[in-house]
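This briefing goes through one protein model by topic. Please keep the sequence and the structure open while reading.

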Amino acid sequence: MESEYNLRQSQIVANIGSYTVDLVTSEWTGSTVLYAIFGIDKTYVKTVESWIDLVHADDKKDMLDYLQKCIDKKLRFDKEYRILKHDTKQEIWVHGMGEFLFDSEANPIKMIGTIQDITERKQSQLRLQKSEQSLLEAQKIAKLGSYNLDLKTGKAQTSKTFNNIANFDLKSDVTLDKWIEIIHPEDLSRCREMITKSIETGSKIDTEYRIYTHKTKKLKWIHGLGEVFYKEGQATNFFGTIQDITDRKNAEIELKVANDFTENLVMSMQEGLLMLDGQGEVIKVNDSLCHMLGYSEDELLGLTLPYPFAHTEDYQKMLDLKEKVTKGEISTFQLEFIRKNGEKFIASFLSGNIVNDKGEVVAIFATIKDVSEEIKSKELLREVAIKSTQKKNVILKLAELVGEDLSKSFKSVTKYAAETLNVGRVSVWQFNQNRTELKCKKLYILNENRYEKDHVITQVDNSEYFKVLNTNKTVLIKDVENSSITQKFAQSYLIPNKIKSLMDILINGADGYYGIICFEHVGDSTREWTADEQEFATSIASVVSSMVESYERKIADKKIKKANTKLLEVNEELNELRKQLEQENVYLRNELDLVFNYEEMVYGSVEFSNVLTEVDTVAPTNATVLLLGESGTGKELLARAIHNASLRNDKPLIKVNCSAIPRELIESELFGHKKGSFTGAVNDKVGKFELADGGTLFLDEIGELPIDMQPKILRFLQEGEIEVVGGVDLKTLDVRVIAATNRNLLEEIKMKRFREDLYFRLNVFPIHIPALRERKDDIPLLVEHFVDKFNKAYDKHIKYISDDAMSKLKAYNWPGNIRELENLIERASILSSSQTLVIPGFETAHQKTKQLISGKDLTIDSVLRNHILQVLEGCQWKISGKDSASNLLGLKPSTLRDKMSKLGIVRPK
């Protein structure tokens, strides 16, 4: 604060005002001194245009041209010009100084500087220019302040101005001792020596010094002129003049402070500053440039082209650039410089020129920035983008090979992967049947551009490696020679092949893991596998998995073709059984209709039938029911079934998901609240218990209920009463409670997360709902139900599903139960484009023997058409020749074509 005060005071004394101009908004602010200089107050609209309006008409164009040149050439603003004060219209001279600030794109954004009122000095200069000799004569006749000292008596005759300057009494005598008393102590010794020397040698005195005025002790700067008068060879008198130069001296000091500030500002710039004269000699540098180049300021100043920090071959280029900068034809460019230690870097220049009052270029300057790292970063980003595109293209190319010959596909995989990741060796290995051995199916060696195969690694000899592979699914080893995981086969395989690092990833097959894809870094140093490389390798492994699964499906299809031959043998038997199936089908459909729709539920299994028996038993009562079962087993449907079969079915069934309500709001949701009972309670609210009065309340996910809320539920189950949040009275309600959970409440009780007494209250009539894996006989019925549902929803006409797919659906564990099955059938319905349901993950590439999903169309033509379609698809619609459909069906090609025509079988496009 003190330094700011001193700065303001010094500005006032020196009549220097400061300003800041926002070149983006064209607005400016200034100090109080600046306002006084311009003759304005705080209400004056401070814009660049209003500033220009104050400039004298004769100086306006010259000043604006100079300002624009400073901006264009990035020069320091330093100019004297006239203005007309706003309030008095008085013409005054000002000295403007300023520095420009630029943004990252070299656009000017601010101008900061000072304005000094130099009217008196300028007018004096003008007068001096007109009559310097007259001023000298005026000084000689003591118009400033004259004195004549008698060296014998020590007394002096002084003018009135002299006494006023020194603050002497006009009536008292002025002596040499009296004058010496008021000289500043720091200047006294020098003044004594000059007087003594002048008396002894006759030399004239012309010096500046300080005094403290006689009475007021005010500090003043004095410019003293004097000489000795001799008479008959003896010094008799010493006469001369004094001038009070305090104002000028203070202004000079203030100007020096401002110049020092500007100099420090330039020297502290983060960018390097280089200034050259017209001949290319270095005349100014700042600390940043010295640090950037590694040279000291003394080493740089005075250097001429060619500079030691520039390439010799760039000499002519730098001459051309200097000429263009001088002419203003170029402002930005880049050169490669060499630091003193020999290190090279890219220097980015933002240049301009400095002109004199005549518009002549006297120097050029540039701010310099080391952009080497910036260029490296851009190059790195470009390389990353190229690599990313390359990796994407490789993945797409390899994906196109899915379904092709596996050996050829492995060749492409290993080669593309090695080239993309620049890995010395990439290979695909296959497990034996019991996964105790890995055999190399294809190995590509990048540097030699050749393939190998048949290397073998066994679990017996490399147990640690197989253990890690089975546990982690991926093996990343930076240094294979010193790793315990690869120690057993390092000497026999890794070291002889100069392998330093490896990355192995498991490959999936149709029936478990097929093997691994191995990336082996070859060289003198190890390799750290980056996250991008691991991600790409994983993507490659996924593509290889698809290739393997497609290949294994083809093998399975061949087996299906053989099975189709056997189907021909039972074709006649199917015809004989058709009538019997049709008769039985009518009966079965009637029977199934009885069990398919119990309260919107699809079932036919004994397990689920037993559950519904329990529902029938408990529904007419008012007993509390606890539904226990995994997520997705239909607990909510059973709760609705109990309610609909109860005597309360004319009242509402209110459902509450205890896990979906925030902890802070659950009490209000269940029991309601009064207006103002808590922040945000702007109205009365009826709780779920009260809404269910006379009906049923279904508390889903009761195991998620917070422990502090459980006593309130227990109270209702015991007393039939609730207390509204913010209320004062108890309410008695008639509500039947059905609770459901997928948690083991006994375990929750042990973990102190569920109250034991609440459990006993809820566990009046527990019903365990079997998971889908426990009622697999219902899967065909559920599939039919969902296919019919999504046929209507998505305008599909799906009628068939393969036997193999149905078998896999029954064999699957169904952790998500019926909800998972429904989502799977919906996705399959969307993806299926024919009448056959294709289920992702549960079907081969070619349809196997199909069955009608609904089981309603069992005519001989339909069965025959379906069978011929299967054989044609398996033979890829080859009608005649070896391994053709006619051969497998035991028919002549012409006969087969005739049957296809009659049955409306047409090859899809």
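A residue is called buried under 20% relative accessible area, exposed over 50%, and partly exposed in between (1.4 Å probe, protein chains only). By that scale A793 is exposed, because its relative accessible area is 53%. This is a predicted model, in which local features need pLDDT of at least 70, side-chain atom pairs count only at pLDDT 80 or more, and totals for chains, interfaces and linings use all residues. Residues are numbered from 1 along each chain as its sequence is written, and side-chain values use heavy atoms, with hydrogens and water left out.

**Overall**

- The protein has 32 helices and 33 strands; helices (H or I, at least four residues) and strands (E, at least two) are DSSP runs numbered from the N terminus.
- Of the 909 residues, 42% are buried.
- The accessible surface comes to about 49,800 Å², and carbon and sulfur atoms hold 50% of it; areas come from the Shrake-Rupley method with a 1.4 Å probe, and for residues only the protein chains shown count as cover.
- Among contacts with a separation of 6 or more, 57% link residues 24 or more positions apart, where contact means heavy atoms within 4.5 Å.

- A793 belongs to helix α27 (residues 779-794).
- Two packed helices are described by the angle between their axes and the distance between the axes.
- For α27 and helix α28 (residues 803-811), the angle is about 115 degrees and the axes are 10 Å apart; axes are lines fitted to C-alpha atoms, for helices over the stretch in contact, and angles run from 0 to 180 degrees between N-to-C directions.
- I779, P780 and V783 of α27 make the contact with M806, L809 and K810 of α28.
- By class, this contact of α27 with α28 has five nonpolar, no polar and one charged residues; Ala, Val, Leu, Ile, Met, Phe, Trp, Tyr, Cys and Pro count as nonpolar, Asp, Glu, Lys and Arg as charged, and the others, Gly among them, as polar.

**Strand β29**

- Six of the six residues of strand β29 (residues 736-741) are buried.
- R736, I738 and A740 point one way from β29, while V737, A739 and T741 point the other way.
- Strand β24 (residues 625-628) runs parallel to β29 and is joined to it by four bridges; two strands pair if DSSP finds at least two bridges between them.
- In this pairing L628 stands opposite T741.
- Strand β26 (residues 696-700) also pairs with β29 in the parallel sense over four bridges, and T696 has R736 as its bridge partner.

**The five-stranded sheet**

- Five strands form an open sheet in the order β2-β1-β5-β4-β3, with antiparallel pairing.
- The edges are β2 (27-30) and β3 (77-84); each has a single partner strand, so one side of each is left without a neighbour in the sheet.
- On average, neighbouring strands of this sheet are turned by 25 degrees against each other, direction ignored.
- Strand β1 (residues 16-22) pairs with β2 over four bridges, with V21 and W28 as bridge partners.
- Helix α4 (residues 57-73) lies across β3, β4 (91-102) and β5 (108-117), at about 155 degrees to β3.

**Residue V426**

- V426 sits in strand β17 (residues 425-431) and is buried, because its relative accessible area is 0%.
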